[in-house]
Amino acid sequence: MSTGRQWSGVTSDEPACSIERSLQILGERWSLLVLREVFAGKHRFAEIQSSLGIASNLLSARLKLLVESGVLSTQTYREPGSRPRQSYHLTQAGRELRVVLAALQQWGDRHHPRPSGPSAFRRTRSTGQPVHVGFLDDDGREVPASDVAMLGDTAART
């Protein structure tokens, strides 16, 4: 008897659910906070660690998982008189997580606001207009969240 999970009709150790597979990589709080720092331009271990106040063993584990999962890539750099070190940079998969972080920020601002207001604002670079995270159809029109159904894989094909 197989102990694997069903995935696209094939037995595998991978969960069938995309959310569950994503959470295997991103579901730990430090992973998202590390990504927030990299989005903010911090690429070196010491910069990220100092900003977050995270223990070095935890940061090492988070960075290793994000690199192995293809969310971050490394580049070697060397300060004069020091050994070579790695800096961490977003891959395409990592850059696509901007919308996930923005959605979490938007949700937190709406449902768990700080009395002093948001810590950051989402604006277009070109016009400075406020933006929000939402669902778009194939024609680029926004769809209200209440009109979006999350269908299982067999229902989505019909």
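Visitor: Which residues lie nearest the centre of the largest pocket, and how many line it?

Guide: The lining of the largest pocket has 27 residues, and Leu101, Ala102, Gln105, Ala120 and Arg122 lie nearest its centre. Two elements, α2 (29-39) and α6, each give two or more residues to that lining. Note that this is a predicted model: local features need pLDDT of at least 70, side-chain atom pairs count only at pLDDT 80 or more, and totals for chains, interfaces and linings use all residues. Residues are numbered from 1 along each chain as its sequence is written, and side-chain values use heavy atoms, with hydrogens and water left out.

Visitor: What is a pocket, and what volume does the largest pocket have?

Guide: Rolling a probe the size of a water molecule over the atoms shows where empty space is left. On a 1 Å grid over the protein atoms alone, a pocket is an open set of points where a 1.4 Å probe fits, with protein on both sides within 12 Å along at least five of seven lines; lining residues have an atom within 4 Å of a point. A volume is the space filled by probe spheres set on the points, which are joined across faces, edges and corners. Here the largest pocket has a volume of about 1000 Å³.

Visitor: Which element gives the most to the lining of the largest pocket?

Guide: Elements are DSSP runs, numbered from the N terminus: helices (H or I, at least four residues) and strands (E, at least two). The element that gives the most to the lining is α6, with 8 residues. The chain as a whole has 7 helices and 6 strands.

Visitor: Gln106 lies in helix α6. Is Gln106 buried or exposed?

Guide: Buried means under 20% relative accessible area, exposed over 50%, and partly exposed in between (1.4 Å probe, protein chains only). Gln106 counts as buried because its relative accessibility is 11%. Of the 158 residues of the chain, 22% count as buried.

Visitor: Which residues is Gln106 in contact with, leaving aside neighbours within four places in sequence?

Guide: Contact means heavy atoms within 4.5 Å. On that basis, Gln106 touches Arg122, His132 and Val133.

Visitor: Where is Asp137?

Guide: Look at the loop between β5 (135-136) and β6 (142-143). Asp137 has a relative accessible area of 26%, so Asp137 is partly exposed. A polar atom of the Asp137 side chain lies 2.9 Å from the backbone nitrogen of Asp139. The C-alpha atoms of Asp137 and Val148 are separated by 10.0 Å, with the two residues 11 apart along the chain.

Definitions and conventions:
Polar contact = N/O pair within 3.5 Å; in protein donor to acceptor, adjacent residues only side chain to side chain.
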